[in-house]
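Take a moment with the sequence and the model.

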Amino acid sequence: MNRFPNHRILPYALVMPSIAVIAIFLIIPFGQAVYLSFHRVSPFGALRNVGWRNYVEMFASAEYLFSFRNTMIFSALVIGVGLTIALCIALLTTQKIRGAAFYQIAFIWTYAMSPIIAGVMWSLIFDPAIGIMARLIGSATGYSINYFTDPVAAFLLVTAASVWIMLGYNICFFVAGLQNVPHELKEAAWIDGATTWQTFWVVTFPMLSPTTAFLVFVNTVYAFFQSFGMIDVVTQGGPNRSTEFLIYKIYRDGFGRMQEGQAAAQSVFLFVLIAIVGAVQIYTSTKKSVYDR
Amino acid sequence: MFQKRSKSILMAALVLVLALGGIATAQAPVTVEFWHSMTGSRLEVLNKVVADFNALDPTMQIEPILVGTYEECLTRFRAAYQARQEPGIVQIYEVGTQTMHDSGMIIPAYQIPERLGETWDFGQYIRPIVQYYSKDGNLWSWPFASSTAMIYYNADHLRAAGLDPNKPPTTWEEMYEYGKKLVEAGVVKHALSYGWPDWMFENALSLHDLEYANMGNGRLGRPTEVSWPNEFTDELLDIWAKMAKDNVWIYGGAEYNANAAFQSGEITFLMQSTSSLDGILKTVGDSFEVRTTFLPRLANPKYARGNSLIGGNSLYVSNRVSDAELKVIFEFFKYLSRTDVSVYWHKNTGYFPATNAAVKALMDEGWFTQSPNHLTAFLQILSGKTDTDASAGMRMGPFAQSREWVRTALEKIANGEDPKAALKYSAEQVNALLAEYNEFFE
């Protein structure tokens with residue numbers, strides 16, 4: 001059957017560039033990663049087939065499970081805390097107050113800052129010896145906070161910095177989402193005697209769900225992949241690997257520790273994981289989102 | 001007639017073009033890439049050295065390329081070699097020594113003059129450097145930026161705490177005592193921090209003539225296990241743990257983070273590579289008096305004297321370079337070993353002047369009396385042992401990972417965990433990595 005009458009080659013020629021790009025930059029490297037994940041690579045490039053050993057050792061490795069656990073907690077915090085704060089601020093800046101536009105811009109502009117710069121800034125502010133915040137906390141509580149040695153402090157620092165860097169973006173989308181909530185629906189709720197709290201949960205929040213679903217996905221991607229730059233600048237995965245999240249561990253194992261095979265196995269597993277998470281999110285969000293007006 | 005003439009003109013033109021082409025090919029510059037990891041103030045110094053070399057002969061050009069940290073540089077070289085994109089010269093840190101020796105990607109340094117039909121006296125380099133990078137008595141990489149570790153201290157702080165700046169601590173026990181006094185006197189919140197904490201651990205072992213790993217510290221064969229934890233490390237780490245608990249020692253990150261604390265007067269003692277000397281002197285300026293001294297030892301007299309370790313980096317040459325490229329590389333290496341260049345490099349970076357002649361020139365011009373801080377590390381390493389495997393420095397394949405595990409243990413100790421358990425756990429991980437590395441040679 002000819003799907004494109006009179007055009008036998010042209011349609012395929014037109015999609016070729018896209019397919020070529022996808023093949024060269026995504027499919028072929030992925031195939032190589034799968035191939036590599038069944039091998040050990042010597043420091044001079046020789047390959048040795050080891051079967052499933054990389055996968056077996058990965059799931060038996062205390063370091064990997066620790067990294068997995070920390071990544072999950074980190075993502076949950078970035079999404080949960082980050083989106084909650086963003087929504088609160090977005091609600092405040094969409095109230096009828098003087099200078100609302102100014103506040104909106106003031107909160108959003110932080111997104112323009114590169115994660116690297118933000119990372120350097122946060123690490124200097126909390127530097128145990130010369131950082132101003134470390135010093136203020138030290139003189140206020142007597143507790144000297146050192147994210148070079150304290151795994152919990154490092155983890156919280158990276159989480160706080162990540163929430164902060166994503167805040168502008170999240171607020172931006174929530175503000176846009178809130179402005180699209182039809183005022184007459186809220187009025188109807190008020191007339192029916194709903195409190196502000198009830199109006200928010202029954203009208204505003206469901207109407208926002210497409211925005212929320214989108215932001216959850218974007219923040220998941222940030223937590224899993226884009227947090228890399230921040231980690232690399234602030235903690236390099238330390239101390240005691242508390243901030244060595246899955247993506248950073250792949251980089252460290254593959255490039256620093258010269259364990260390409262093991263890193264490939266991790267990246268294949270991360271791919272499967274993200275595919276499942278993405279599918280679940282898209283399924284639930286398209287099902288639950290209220291698109292209809 | 002006309003046709004004939006135009007033909008001859010054409011011929012003449014052709015001859016001319018061919019001749020010019022010939023000249024052009026004869027004089028086409030040979031350019032060799034040089035991958036390195038010199039950042040900060042050292043980058044400018046390196047670029048100046050290379051630019052001066054390039055100005056000497058337009059047909060011999062070196063192109064320096066900064067490719068990231070030492071670790072990244074090693075990884076990228078390996079990847080590039082497999083893709084046939086590697087540079088002619090690559091700068092590799094001391095940690096990569098065993099890996100480079102095992103790689104099969106390089107020409108050992110001692111074979112470079114041989115291949116070009118020339119000779120070169122490797123005896124002109126400072127002994128501990130040659131020792132460190134030699135295998136079976138032959139130098140495998142070209143000495144370039146060698147350093148060792150020492151103590152930097154703030155003499156003004158010692159005076160403020162009523163301590164004698166002419167008597168800095170020589171033992172860890174004294175370090176603890178001094179630190180406590182400084183903290184108690186309110187001069188500083190913390191007294192001591194290290195750069196490269198994992199390397200300081202290695203230095204502590206070698207300074208007491210103790211091996212880091214078996215198989216002659218990895219110099220006689222590929223090691224199968226590390227020597228720690230042992231009696232010595234127990235004793236050492238007990239003091240480190242005590243210092244952490246009493247706010248004497250503050251853990252300052254993996255590489256150069258601790259420098260900032262020292263330069264801003266937040267801490268009194270900094271253990272760091274000599275390569276930071278010029279950066280620190282320049283940044284501190286006149287705000288306080290910077291002095292330097294030898295690394296501390298344990299007071300316990302039962303431990304022998306060894307030496308501090310050579311650190312920094314050396315230069316490796318890819319074994320795929322052509323003879324024309326190798327010629328340029330050799331000329332460049334000879335240039336780096338020139339006395340004036342060695343002197344310039346030393347004065348502006350704090351790295352060792354690599355040749356005996358450069359040391360003499362520096363001494364003759366009074367440099368060491370003018371800037372005694374530049375002499376400290378030198379005296380320390382030249383006055384120490386060089387003839388034992390422990391003092392010559394260790395060698396192992398997964399060295400970078402081993403460092404990371406030592407650092408992990410030190411981070412745990414600094415955070416109040418049990419030193420023995422922390423180090424034991426790290427040792428187990430390193431031993432597993434050693435076994436994995438050795439599998440490649442079965």
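**Chain A**

Of the 293 residues in chain A, buried ones make up 34%. A residue is buried if 20 or more other C-beta atoms lie within 10 Å of its own, exposed if 12 or fewer, and partly exposed in between, with C-beta atoms placed from the backbone. This is a predicted model, in which local features need pLDDT of at least 70, side-chain atom pairs count only at pLDDT 80 or more, and totals for chains, interfaces and linings use all residues. Residues are numbered from 1 along each chain as its sequence is written, while chains are lettered from A and ligands numbered from 1 in the order in which they are written.

Chain A holds 11 helices and two strands. Both kinds of element are DSSP runs numbered from the N terminus: helices are H or I with at least four residues, strands E with at least two. Read from the N terminus, the order is α-β-β-α-α-α-α-α-α-α-α-α-α. The C-alpha atoms of the chain A fold fill a box of roughly 75 × 75 × 30 Å along the principal axes. Take the contacts in chain A between residues at least 6 apart in sequence: 67% of them join residues at least 24 apart. Two residues are in contact if their C-beta atoms, placed from the backbone, lie within 7 Å.

**Where the chains meet**

Chain A gives 20 residues to the contact with chain B, and chain B gives 29. On the chain A side, nine are nonpolar, eight polar and three charged. Here Ala, Val, Leu, Ile, Met, Phe, Trp, Tyr, Cys and Pro count as nonpolar, Asp, Glu, Lys and Arg as charged, and the others, Gly among them, as polar.

**Inside chain B**

Chain B is divided into domain 1 (28-147 + 310-365) and domain 2 (149-308 + 395-439). These bounds come from an automatic or database domain assignment. Each domain of chain B gives 17 residues to the contact between them. On the domain 1 side, helix H4 (97-103), strand E7 (142-147), strand E12 (311-318) and helix H15 (339-349) of chain B each give two or more residues. H4(B) has the largest share, four residues. By class, that side of domain 1 of chain B has four nonpolar, 11 polar and two charged residues.

**One helix**

Which residues of H14(B) are buried? They are Leu326(B), Val328(B), Ile329(B), Phe332(B) and Leu336(B). These residues cover an arc of only 160° around the axis, so they lie on the same side of H14(B). The arc is that of the directions from the helix axis to the C-beta atoms.
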